[in-house]
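Please look over the model below. A short report on selected local features follows.

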Amino acid sequence: MKKYLLATFAVVLAISLSAFTKEKVSKNDGQTSFYWYQTASGTGDQSTYVNADVTFYSGPSTSAPTDVCLASSSHKCIVGFTSGQINTMTHQLNAGAQTPTNSDGRFRTTQ
């Protein structure tokens, strides 16, 4: 019986210590990651896009790239789509017009 006492104590100690470990936090804190696309000239005022209207720029990431367009203008230059709206292998939009899930991207002064 004594030989099992040390093993039992070790198991109880391990269970007790694991019950009080720090909770792991997701690296993106619940934010959605987007695939970012640059809009073609003349399409910055559209609400939906097809592959001919956009070019893959970067992603996935939770924030729009800031090195492409001006931030203080009225026409979309960078728009974000979720992985459900695109083919993540080819970076092509799914069939049919897609509405950007994130249109908080950067803007430009011309369409």
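This is a predicted model: local features need pLDDT of at least 70, side-chain atom pairs count only at pLDDT 80 or more; totals for chains, interfaces and linings use all residues.

Serine 47 is 51 residues away along the chain, yet the C-alpha atoms of glutamine 98 and serine 47 are separated by 8.5 Å.

## The open sheet

Three strands make up an open sheet, in the order S2-S1-S4. The pairing is antiparallel. S2 and strand S4 (78-81) are the edge strands, each pairing on one side only. On average, neighbouring strands of this sheet are turned by 30° against each other, direction ignored.

Strands of a sheet pair through backbone hydrogen bonds, either parallel or antiparallel. Here S1 and S2 pair in the antiparallel sense over 5 bridges. Tryptophan 36 stands opposite serine 58 in S2.

## Aromatic pairs

A pair of aromatic rings is described by the distance of the centres and the angle of the planes. The model has 3 aromatic pairs. In one of them, the rings of tyrosine 37 and phenylalanine 56 have centres 5.5 Å apart. Their planes stand at 75°. Over 60 degrees counts as edge-to-face, so this pair is edge-to-face.

The pair links distant parts of the chain. Tyrosine 37 belongs to strand S1 (residues 34-39) and phenylalanine 56 to strand S2 (residues 54-61), 19 residues apart. Tyrosine 37 is buried, at 1% relative accessible area. Phenylalanine 56 is partly exposed, at 28%. Tyr37, Phe56 and Phe81 form one aromatic cluster.

## Backbone exceptions

Most residues other than glycine have a negative phi, and most peptide bonds are trans. Where is the cis peptide bond with omega near 0°? This bond runs from glycine 59 to proline 60. Proline 60 is in strand S2.

Histidine 91 is a residue other than glycine with a positive phi, near 60°. Histidine 91 lies in the loop between strand S5 (86-87) and S6. Is histidine 91 buried or partly exposed? Its relative accessibility is 23%, so histidine 91 counts as partly exposed.

Notes. Residues are numbered from 1 along each chain as its sequence is written. Side-chain values use heavy atoms; hydrogens and water are left out. Rings of Phe, Tyr and Trp (its six-membered ring) pair if their centres lie within 6.5 Å; planes under 30 degrees apart count as stacked, over 60 as edge-to-face and the rest as tilted. Helices (H or I, at least four residues) and strands (E, at least two) are DSSP runs, numbered from the N terminus. Buried means under 20% relative accessible area, exposed over 50%, partly exposed in between (1.4 Å probe, protein chains only). Two strands pair if DSSP finds at least two bridges between them. Axes are lines fitted to C-alpha atoms, for helices over the stretch in contact, and angles run from 0 to 180 degrees between N-to-C directions.
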